[in-house]
Amino acid sequence: MEQIVKILEKIKPGVDYVSETDLIGDKILDSLKIVQLVGELDDEFDIEITPIDIIPENFKSVQSIYSMVKRLEEE
């Protein structure tokens, strides 16, 4: 999860991602930032995030991003 926070800080610095609970609803991640995040996660974790996975529920919090990454790593 620490690596995900580092990636998020690189994409949009200055946010407390650990305590932030709604990255989408609070407009911390917009569509462009999500596209950047998907590319970084794909590269960092050697996974493929498909359009089916790009839904708000998977990017709502660091925990939801982590859960998606773990699920894709196991597939």
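A crossing of two helices is left-handed if the near helix is turned anticlockwise from the far one by less than a right angle, and right-handed if it is turned clockwise. By that rule, helix H1 passes helix H4 in a right-handed crossing. The structure here is a predicted model, in which local features need pLDDT of at least 70 and side-chain atom pairs count only at pLDDT 80 or more, while totals for chains, interfaces and linings use all residues. Residues are numbered from 1 along each chain as its sequence is written, and side-chain values use heavy atoms, with hydrogens and water left out. Helices are DSSP runs (H or I, at least four residues), numbered from the N terminus.

Back to the helix pairs. Two packed helices are described by the angle between their axes and the distance between the axes. The axes are lines fitted to C-alpha atoms, for helices over the stretch in contact, and the angles run from 0 to 180 degrees between N-to-C directions. For H1 and H4, the angle is about 120 degrees and the axes are 10 Å apart. That makes H1 oblique to H4; angles under 35 degrees count as roughly parallel, over 145 as roughly antiparallel, 65 to 115 as roughly perpendicular, and the rest as oblique. On the H1 side, the contact (heavy atoms within 4.5 Å) is made by Ile 4, Val 5 and Leu 8, and on the H4 side by Val 62, Ile 65, Tyr 66 and Val 69. Sorted by type, the residues of this H1 and H4 contact come out as seven nonpolar, no polar and no charged. In this sorting, Ala, Val, Leu, Ile, Met, Phe, Trp, Tyr, Cys and Pro count as nonpolar, Asp, Glu, Lys and Arg as charged, and the others, Gly among them, as polar.

Helix H4 (residues 62-74) also packs with helix H2 (residues 31-45), at an angle of about 45 degrees and with the axes 11 Å apart. H2 and H4 are therefore oblique to each other, and H2 passes H4 in a right-handed crossing. Here Leu 37, Leu 41 and Phe 45 of H2 meet Ile 65, Met 68, Val 69 and Glu 73 of H4. The tally for the contact of H2 with H4 is six nonpolar residues, no polar ones and one charged.

Now for the loop between H1 and H2, where Tyr 17 has its place. Tyr 17 is buried, with a relative accessible area of 1%; buried means under 20% relative accessible area, exposed over 50%, and partly exposed in between (1.4 Å probe, protein chains only). Not counting residues up to four places away in sequence, Tyr 17 touches Val 5, Leu 8, Glu 9, Lys 12, Leu 23, Ile 28 and Val 62. A polar atom of the Tyr 17 side chain lies 3.3 Å from the backbone oxygen of Leu 8 and a polar atom of that side chain lies 2.6 Å from the backbone oxygen of Lys 12. These are polar contacts, meaning pairs of N or O atoms within 3.5 Å; within protein, one atom must be able to donate a hydrogen and the other to accept it, and residues adjacent in sequence count only if both atoms are side-chain atoms.

Leu 29 is found in the loop between H1 and H2 as well, and at 5% relative accessibility it counts as buried. Leaving aside neighbours within four places in sequence, Leu 29 is in contact with Leu 8, Leu 23, Ile 24, Ile 34, Leu 37 and Phe 59. Lys 27 sits in the loop between H1 and H2 too, but Lys 27 is exposed, with a relative accessible area of 68%.

What about the backbone? Most residues other than glycine have a negative phi. Phi of Lys 27, however, is near 60 degrees, a positive value. Asp 46, in the loop between H2 and helix H3 (56-59), has a positive phi as well, near 55 degrees. At 73% relative accessibility, Asp 46 counts as exposed.

Asn 58 belongs to H3 and, at 14% relative accessibility, counts as buried. Beyond its neighbours within four places in sequence, Asn 58 is in contact with Asp 53, Ser 64, Ile 65, Met 68 and Arg 71. Ser 64 lies in H4 and is buried, with a relative accessible area of 15%. The Ser 64 side chain reaches the backbone oxygen of Ser 61 at 2.9 Å, and one of its polar atoms lies 3.2 Å from the backbone nitrogen of Lys 60.

Notes. Helix = DSSP H or I, 4+ residues; strand = E, 2+ residues; numbered from the N terminus.
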